[in-house]
Amino acid sequence: MSDSLTTEEVSRYGRQMIVQGLSTNNPIDQQLLLKNSKIVLIGAGGLSSPCLAYLAGAGVGTIGIIDDDVVENSNLHRQIIHSTSKRGMLKCESAKKFINDLNPNVIVKTFAVRLNNENAFDILDQFDVILDCTDTPITRYLSSDVAVILGKTLISASGVNTEGQLTVLNFENIGPCYRCFHPKPPPPHAVSSCSANGVIGACIGLVGVMQAVETLKVLQKIYTKENFEPFMLQYNGFMDQSLRRFKMRGRREDCISCGSKAKNKITREMIENSEINYFEFCGSRDYNVLADDERITVQEFEDKYWKDKKPKEDIVYLDVRPAHHYSISNFNNEKFHNVPLAELKSFKNDWTKLKSKMPELEPTSEVVVFCRHGNESRLATRVLKDDFGIKNTKDVIGGFFKYIDDVDPSLPKY
Amino acid sequence: MGNNINIVVEFLGGLDSIFDNKRSYKVEVDNEEIVTLRDLIFKYIAKELLVKPEDNYSIYIQDDTIRPGILTLINDVDWELEDELDYVLQNRDVISFTSTLHGG
């Protein structure tokens, strides 16, 4: 615990210390609240980048960063604390370097792991306030359950496309938790991600900045047990930018995580011995619908169907990615048909509709099916075989991106 | 023709994708037929606004209520603080549905 500020710290933080009207505390005590705080960010991506930059700049004493990914080219449009020269570096180490450059007063702890049932308590217990900046419901339920058991406030943000959401959970151990809002997980097919659905960097960044503002209110005790009211902010960037504040419910009495009257509440032991299985709870989409002999590798595709980068006359080539994905990068050959999976499914046995997209297709045709990562192509292969009886349909394992990785890196990945 | 009321219905968090990519609808409904939020959802939204119900119904409705992962707001207030499906609609209400986001 530090009870004073250095001359350097006063000059560094002076402009925020002289802002009036936020608290009745004296400015030095307000700044010391930040200096003596320990926060941890789960994830070092699009939300965390601006969030931790502002919190480090503002003088939060200790910042933990949990992320086991490395910086990739496709991150840089939004994850602006990383940089082109740091590609391949662990994101948590890149973030640490950024913070040290910005404000050497901050103690940074890095954890190059994925938060899971076994490590969550040991890591999160080292900090006072937890920031959820992750990208799956699995980690959102886990971090909320652990925050409740450890009695810590959780500031939870998310975003995809042009929208974002932000809320403060388990505030001072009296506010609602993630399960109070979402007792049941969404079905797996309804969960979207930045990598699959895209994200505008500035939009997710703005949500990260708002997450920093909420964190300051928690750390500087501007929110109190008396004045805090559960809320959710909803941001949208396009067309007209808007920020909505929804008034949310309080704790659910029967919440299995935080409820006062719940039976069989979740315990640390139940999480650590994996009795609570978040993967099972949230489920996943089952792409495992093909036998091995219904699939070919990208190398087999190259050798058998794409020799010398040329299509074979009697083969039907199908790519089931969404049209706007296809338009960014493809084999650039007119023998390829782009019929997105959703459209293919909507044909429902109607050969006329199918032929309107692929005129040369017959029940006896040999078809090879691509998608981005080799998941939707499996479902599409099933559709062609089961709905249309095209027995000789082959799924390309790992899809177009695997082909780029293993065979032709000159094609762009997005 | 009964007593009509005007309601704004919003689809946020990407949910507009199953409502013709439109985030906000101004609708006028017969208040003798559409009394509660349940009526609005099942007799109007799912029938009149939902695109391709045969494919998209389960993205919006599950087990006779709004599917998990979608928050419902009545005039910017969590419907759990109101009467959820039994909420009695008022003229000029704003009913918002927002899909929960997970990306980061």
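I'm calling two residues in contact if their C-beta atoms, placed from the backbone, lie within 7 Å. I'm working on a predicted model, where local features need pLDDT of at least 70, side-chain atom pairs count only at pLDDT 80 or more, and totals for chains, interfaces and linings use all residues. Residues are numbered from 1 along each chain as its sequence is written, with chains lettered from A and ligands numbered from 1 in the order in which they are written.

**Chain interface.** I looked up how chain B meets chain A: 19 residues of chain B contact 37 residues of chain A. On the chain B side, α2 (53-60) and β6 (77-78) are the elements giving two or more residues (helices are DSSP runs of H or I, at least four residues, strands of E, at least two, numbered from the N terminus). I get 7 nonpolar, 8 polar and 4 charged residues on that side (Ala, Val, Leu, Ile, Met, Phe, Trp, Tyr, Cys and Pro are nonpolar, Asp, Glu, Lys and Arg charged, the others, Gly among them, polar).

I found Gly104(B) in the segment after β7 (93-99) of chain B. Gly104(B) has 30 other C-beta atoms within 10 Å, so it is buried (20 or more is buried, 12 or fewer exposed, in between partly exposed). Its contacts, leaving out residues up to four places away in sequence, include Gly43(A), Cys133(A), Asp135(A) and Ser158(A).
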